[in-house]
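Please go through the questions below with the model in view, starting with open space and then turning to the chain as a whole.

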Amino acid sequence: MGGGVAAFDCNQDDYPDLYVAGGETPAKLLINSGRQKLHFQHKSHPSTDLKAVTGAYPIDINSDGIVDLAVLRAGENILLKGLGNCQFESANEAWKYQASNRWTTAFSATWESESSLLKDSDVKNESKPIVQGRSNEPTMVFGSYVDRTDKDGPFGACDQHELYRMKKGSFGRPVMLSPGYCTLSILFSDWKRQGKADLRVSNDRHYYLHDGHDQLWRMQENPTLYSKAEGWQSFKIWGMGIASRDITGDGLPDYLLTSMSDQKFQVLKKGVQGPEYTDEAFKRGMIAHRPYFGDEGRPSTAWHAQFGDVNNDGADDLFIAKGNVDQMPGLAIKDPNNLLLQDKYGNFHEVGQQAGIADISRSRGAALEDFNRDGLLDLVVVNRRAALKVYQNVTEKSGQWIGIKLQQKGENTDAIGAWITVKHGKKTHHREVTIGGGHAGGSLLPQHFGLGSADSIKVQIAWPDQTVTKWLEYASGEVWTIMK
């Protein structure tokens, strides 16, 4: 399990760098030293060359404008404070982060407002948007897998999760989220555009056996689980990763959940008050349940998934990392990664082999980002017991593009929880800014939008405090920073 990668800019040169999990070998901080041709160079230091790392997520924890890292480990997690120029130091003691010795495989973060931290007895009707002021300090959840200390495990030995809230620059004792069902991906997301994020959890049924299912935690002072009576449907998958994007165009996030065999694509039902979803993976060609070449007929095993417009035609595409856990005989051994292109009707089509990314290594984490600032999304894939792969996008005929970077003064500098709306021609894109999801890694970079033939766009920002900008106009072909 594990093998995630964090993508972020640690030296503020506008070229994304990487922090890659190494498992038994040390993790590596890789500095992007390429421009036209991708090239990364290892920057060795005891603070980052850590062992037992399963993944990492970039986040500005103390809102000083310098990216920090939440490093997930099989053992004590470490919060690395960014010092600038790609230098880091452990801040566990300084921030009073009381890390446990759990096997951490998932992470997500949000900035809660005072109005969202309601007591159980004060929970209001959530069918109306919550009016909230600016949130102050981050809330972080570390998702655990199997309890390695359970002598009767690993089957039926799923561990609970830890929620930390920062107050006055330090973290107190964690709130335990229980039951846990062996999670491999979690994501804070405002699933109904109600003004606050709840926590979606994707779990691995291989170890929770018969009693578990995927979960949605309602965030309040004491988080509670959404129930069947509120619309949450119990479903059981071999949950590995979460990718979020508004694919349907209704202004709400949809969720791609990776698994063994078929994937799930969760779309909120129209007109419902609670979190009631339909699955449209098969309908849209996103099921990706078996290898697409060779004579391998056994089911696939999917891990990291990420949406992104790889040809800039104005429609988001989908990358899925694939790979057998080890030597599970009932599942495909030669299991190539997927690249699914979206057509104008909202259907997805496999092009992995034509694109040259059909690697059959045991892939885990990945990052689909523009690493050389040429407007094309490149790809980094972490493989188990095999070399890291870096793929440069060299598509010759592609559309226009734009990058949007949000910045706030004060707390929550990267505007986590904001929504970006982009209009060009007859198309409208809605994008939630989040930290979490994926498989054991994520990105903190400008939001990339493919624009087709559009030379300019109109953009509107709904900031985390629910204030909304006027419509702004920007030219394509650039990364634009919007300040609050």
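**Pocket, cavity and fold**

Q: Which element gives the most to the lining of the second largest pocket?
A: Three residues of this lining come from strand E27, which gives the most. The model is predicted, with local features needing pLDDT of at least 70, side-chain atom pairs pLDDT 80 or more, and totals for chains, interfaces and linings using all residues. Residues are numbered from 1 along each chain as its sequence is written, and side-chain values use heavy atoms, without hydrogens and water. Strands (E, at least two residues) and helices (H or I, at least four) are DSSP runs numbered from the N terminus, and among those supplying at least two lining residues, beside E3 (28-32), E5 (53-59) and H1 (205-208), is E27 (378-384).

Q: What volume does the second largest pocket have?
A: A pocket is an open set of points on a 1 Å grid over the protein atoms alone, with protein on both sides within 12 Å along at least five of seven lines, and its lining residues have an atom within 4 Å of a point. The lining holds 34 residues, with Met1, Gly22, Gly23, Glu24 and Arg384 nearest the centre. Taking volume as the space filled by probe spheres set on the points, which are joined across faces, edges and corners, the pocket has about 870 Å³.

Q: How do the residues of the lining of the second largest pocket divide into nonpolar, polar and charged?
A: Ala, Val, Leu, Ile, Met, Phe, Trp, Tyr, Cys and Pro count as nonpolar, Asp, Glu, Lys and Arg as charged, and the others, including Gly, as polar. On that basis the lining has 20 nonpolar, eight polar and six charged.

Q: Which strands give two or more residues to the lining of the second largest cavity?
A: A cavity is a set of points where a 1.4 Å probe fits but cannot get out, and the structure holds two of 30 Å³ or more. The strands in question are E31 (427-432) and E34 (447-452).
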